[in-house]
Amino acid sequence: MLNSVPSSTLYSNIGQNGGSTGVAVAITAVAGLAVVAAIFYTRSGNLKSPWCRKRRKCALSPQKWKNSFTPDGKLHDGGIKLLKKVRSGGIDPSVRVEVWPFLLGVYALNSSKEERDVVRNRNRKEYEKLRRQSRRFLRQTDESLRVDSNVKRENTEPSSPASEDVVSARESLSSERESDLEFSEIPFSSVLDRTSSSRRITSSSPSVIYDSSDVGSSEDEQFDEDFSPVKNGNVSDVSPKGDLSPTKTNMQSNICRTEDFATWQRIIRVDALRANAEWVAYCPSQAAVSEDRAQRCAEAVCLKDYDHLEPFRVYHAARLVAILEAYAVYDSEIGYCQGMSDLLSPIISVIEQDHMAFWCFVGFMKKARHNFRLDEVGIRRQLDIVAKIIKHRDSRLYRHLEKLQADDCCFVYRMVVVLFRRELNFEQALCLWEVMWADQAALRAGLGKSRWSRIRQRPPPTDDLLLYAIAASVLQRRKQIIEKYHSMDEILRECNNMAGQLDVWKLLDDAHDLVMSLHDKIGTTF
């Protein structure tokens, strides 16, 4: 057909239509680029990741935080805009101390300034009661040690008073020196065995186990005042209408056994003295604590064997001891278990008031406490969900795990227990936790999938964002796991070696992708 057309006519037509043809080609090219861009930025369900690169630098700033409140001190829109902002870009470090109580359920999202003021004083007193009760258990423990020491002295040759004092001071730590093993090197079964031996199940729910009628002595009251890192501070504790108010918990008196507390306080002291000091670079005010103040705080909680530590580490360890002992009294079912200090350490690094840090930790532990139960039900359910996510997303990888008898995903045990604290650096861990807390706060406020779907470009909140992130970290290494690893121990080593190698925003991108595609297929944790 083309050969029948004279060449002059053909070139003439091309010249006449050249302009329109060029426009058509340009339009086609632009359309193609648009399709590629849509595929790149839009994933399952046609919803954009809230952690996309262009939004990652838009953290909640001090000015935006200040503008989040109405004249009567309530958050605009019941806190929806706040949660949306935190989920998109995290929180500026300078306002974390004010925002975290809302995310952790210490304050209700719809609370007013007056309501928060009321509970501030009330809950400071509740924390002081818990501290008095923990000191009472500590005195009973010391008395038991003195009695045992006297019995031993009667049956042995006389020794000098100085040597007897040394023995008495060190006995409380002697049986727990084995805890100096690094947590990351402890096999899965050994971890479960040790957690089982460090606590006793006493009830099916957390119990506030101080006597509500307890009135501390003047000595106790002076102790509370002296120990508080910030005296008469104006950062508050516990929310009205929130889940953490002590008046809404199942209060029981004097059910914490002295022998249980003696075990917990020994382990707490060992872990506190071994606490990671990574926080120092992010908290200059606490890093500059004086030696005198650090020593006073250590003496207040009867902390010993700290001469080899710098003042800021002694101060940090003393605060860990005070708050963890109070929590052991608050929740006697859990008490204390190795790993809990990893969760508290970042909180007290950001929040300088002990009573505020305590209630934020209670909010954090409201879900995380299932990681430390003696019956292991919570931890195994979470491992099961990680396995389900991997199975639904990558059947080939899951079959390989089955072949290695690793399909129970026990190799991510540490990630689940301490919520990525060992795999991410200090700032990255806080970014991940804040996004996770925002999801949990949205669910507490009743912002489920149907409500959240009306907010453009946002995935539904999930109580299990951590588990999706853990599964994402494994899927990111699917190739080497399938091609190079031939035993569960090799996979475990790979997971333990992730520390410092993860990009938290890439992790959140991939976790979001999994949430969007699998959220309706995977059941909730609890």
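How many residues does helix 15 have, and how far does it reach from its first C-alpha to its last? In this predicted model, helix 15 covers residues 377-393, with 17 residues and a reach of 25 Å, close to the 24 Å expected at 1.5 Å a residue. The points below treat this helix, the nonpolar core, and two further helices.

**Helix 15**
- The buried residues of helix 15 include Ile 379, Leu 383, Val 386 and Ile 390.
- Gly 378, Gln 382, Ile 385, Ala 387 and Ile 389 are likewise buried in this helix.

**The largest nonpolar core**
- The largest nonpolar core holds 139 residues, and those touching the most other members are Trp 100, Met 340, Leu 343, Phe 358, Ile 390, Val 412 and Phe 420.
- Helix 12 (residues 311-330) gives the most to this core, with 15 residues.
- Leaving aside residues up to four places away in sequence, Phe 358 touches Tyr 127, Leu 130, Ile 323, Ala 326, Tyr 327 and Tyr 330.

**Helix 4**
- Helix 4 (residues 96-103) is largely enclosed by the rest of the structure, because 6 of its 8 residues are buried.
- These buried residues are Arg 96, Val 99, Trp 100, Pro 101, Phe 102 and Leu 103.

**Helix 9 and Ile 267**
- Ile 267 belongs to helix 9, which spans residues 258-273.
- Ile 267 counts as buried because its relative accessibility is 7%, where buried means under 20%.
- Ile 267 and Gln 338 are 71 residues apart along the chain, yet their C-alpha atoms are separated by 7.6 Å.

Key:
Residues are numbered from 1 along each chain as its sequence is written. This is a predicted model: local features need pLDDT of at least 70, side-chain atom pairs count only at pLDDT 80 or more; totals for chains, interfaces and linings use all residues. Side-chain values use heavy atoms; hydrogens and water are left out. Helices (H or I, at least four residues) and strands (E, at least two) are DSSP runs, numbered from the N terminus. The expected span of a helix is 1.5 Å times one less than its number of residues. Buried means under 20% relative accessible area, exposed over 50%, partly exposed in between (1.4 Å probe, protein chains only). A nonpolar core is a set of buried Ala, Val, Leu, Ile, Met, Phe, Trp, Tyr and Cys residues joined through side-chain atoms within 4.5 Å. Contact means heavy atoms within 4.5 Å.
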